[in-house]
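Here is a friendly walk through one protein chain, written for someone who likes to know which residues touch which. Have the viewer open and follow along.

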Amino acid sequence: MLRSQISSILFDFDGVILDTEWSIYESMREVFVEHGHELPLEEYVKCIGSDFNTWSPETMLEELTGKTFDWETIGLARNKWIREEIAKLDAMPGVREAAALSKDLNLPIAIVSSSNHKWVDGWLEKLGLLETFDQIIAREDAPRIKPAPDLYVEAVKRLDLPPSKCLVIEDSLNGMKSAHEAGCPVAAIPNRITQCIDFSAAEYQYPSLIELLDDL
């Protein structure tokens, strides 16, 4: 049983706690379509779990079109639409149940995200989940973001537990690489953005958090 093998659960945020990634992708895909190109998910997932320094759709579109774009202005319009769409959402299926069960089982839980605190903490507060997690580790809390291991190393340090006992819930290849390099086992739960990824390197795979709960 999974519960006997772990002492903590570390949750990624975007795409695991809240489905932020679809709106972000759709807004960027719309920019591509406006300029006569598609943005395949198989390409876009390269930046999921990290940022555009890992792989950049902006660079891709400029290479495809031979043009340069005012990404700051485009970003302002995109961000407004993205936030309006995300504000309509509740937590991903199984999140509230997983948090409650973790408390019942006396399992410390943490958020470990490549996004910044303003983004993560703000959405958690809106969902009423800000006080649910024992630790929230965001991009400001470590020198490097995923796929580097720094964020998970910091989480394990704060929880004062062996990394091998800290189960990581991830939806991205960058996140899985980060967790594994930190020494943590991974339960991969892909979503509609990351379902094209090969998660065979993950120790566990589940369709959603709901199925994971059955193993706790």
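Predicted model: local features only at pLDDT ≥ 70, side-chain atom pairs only at ≥ 80, totals over all residues.

Let's start with the strands. Six of them form an open sheet with parallel pairing, in the order β3-β2-β1-β4-β5-β6. The edges belong to β3 and β6; each has a single partner strand, so one side of each has no neighbour in the sheet.

Further in, β1 pairs with β2 (residues 109-112) in the parallel sense, over three bridges.

In soluble globular proteins, nonpolar side chains tend to be buried together. Here, the largest nonpolar core holds 38 residues, and the ones that touch the most other members are L10, L39, Y44, Y152, V168 and C184. At least two residues each come from α1, α2, α3 (57-65), β2, α7, β4, α8 and β5. The top contributor is α7, with five residues.

Leaving aside neighbours within four places in sequence, L39 is in contact with Y25, M28, R29, F32, Y44, W55, P57 and M60. Another core, of 35 residues, lies apart from the largest one, and F13, V95, L124 and I169 are among its members.

## Aromatic pairs

How many aromatic pairs does the structure hold? There are five. One of them joins F11 and F133 edge-to-face, with 5.9 Å centre to centre and 75° between the planes. This pair links distant parts of the chain, 122 residues apart: F11 sits in strand β1 (residues 8-11), while F133 is in the loop between α6 (117-127) and β3 (135-137). Both F11 and F133 are buried.

A second example is Y25 with Y44, a tilted pair with 5.1 Å centre to centre and 50° between the planes. Y25 belongs to helix α1 (residues 21-34) and Y44 to helix α2 (residues 41-44), so the pair ties together parts that are 19 residues apart in sequence. Both of these tyrosines, Y25 and Y44, are buried. Together with W22, Y25 and Y44 form one aromatic cluster.

## Cysteines

A disulfide is a covalent bond between the sulfur atoms of two cysteines. A search of the whole structure finds zero disulfides. For C47, the nearest cysteine sulfur is that of C196, 11 Å away, and likewise C196 has the sulfur of C47 as its nearest, 11 Å away.

Buried or exposed: where does C47 fall? C47 is buried, at a relative accessible area of 5%. C196, by contrast, counts as partly exposed, with 36% relative accessibility.

## A buried aspartate: D12

D12 is found in the loop between β1 and α1. With a relative accessible area of 3%, D12 is buried. Which side chain does the side chain of D12 make a polar contact with? The partner is the side chain of K146, at 2.9 Å.

Beyond neighbours within four places in sequence, D12 is in contact with I17, I111, V112, S113, K146, Y152, I169, E170 and D171.

## Helix α8

Helix α8 spans residues 173-181, and its buried residues are N174, G175, M176, S178 and A179. The elements that cover these buried residues include α7 (150-159), β4 (166-170) and β5 (186-188).

Both ends of α8 are worth a look. At the start, a side-chain oxygen of S172 reaches to within 2.9 Å of the backbone nitrogen of G175. After α8 comes G183, whose phi is positive, near 95°.

To finish, find Q205 in strand β6 (residues 204-205). Q205 is partly exposed, with a relative accessible area of 47%. Q205 and A187 are 18 residues apart in sequence, yet their C-alpha atoms are 5.3 Å apart in space.

Setting aside neighbours within four places in sequence, Q205 is in contact with A188, F199 and S200. As for F199, its backbone oxygen lies 3.2 Å from a polar atom of the Q205 side chain.

Key
Residues numbered from 1 in each chain as written. Heavy atoms only, no water. Buried < 20%, exposed > 50% of the residue type's maximum accessible area, 1.4 Å probe, protein only. Helix = DSSP H or I, 4+ residues; strand = E, 2+ residues; numbered from the N terminus. Contact = heavy atoms within 4.5 Å. Polar contact = N/O pair within 3.5 Å; in protein donor to acceptor, adjacent residues only side chain to side chain. Disulfide = S-S within 2.5 Å. Phe/Tyr/Trp six-rings, centres within 6.5 Å; stacked < 30°, edge-to-face > 60°. Pairing = 2+ DSSP bridges. Core = buried A, V, L, I, M, F, W, Y, C linked by side-chain atoms within 4.5 Å.
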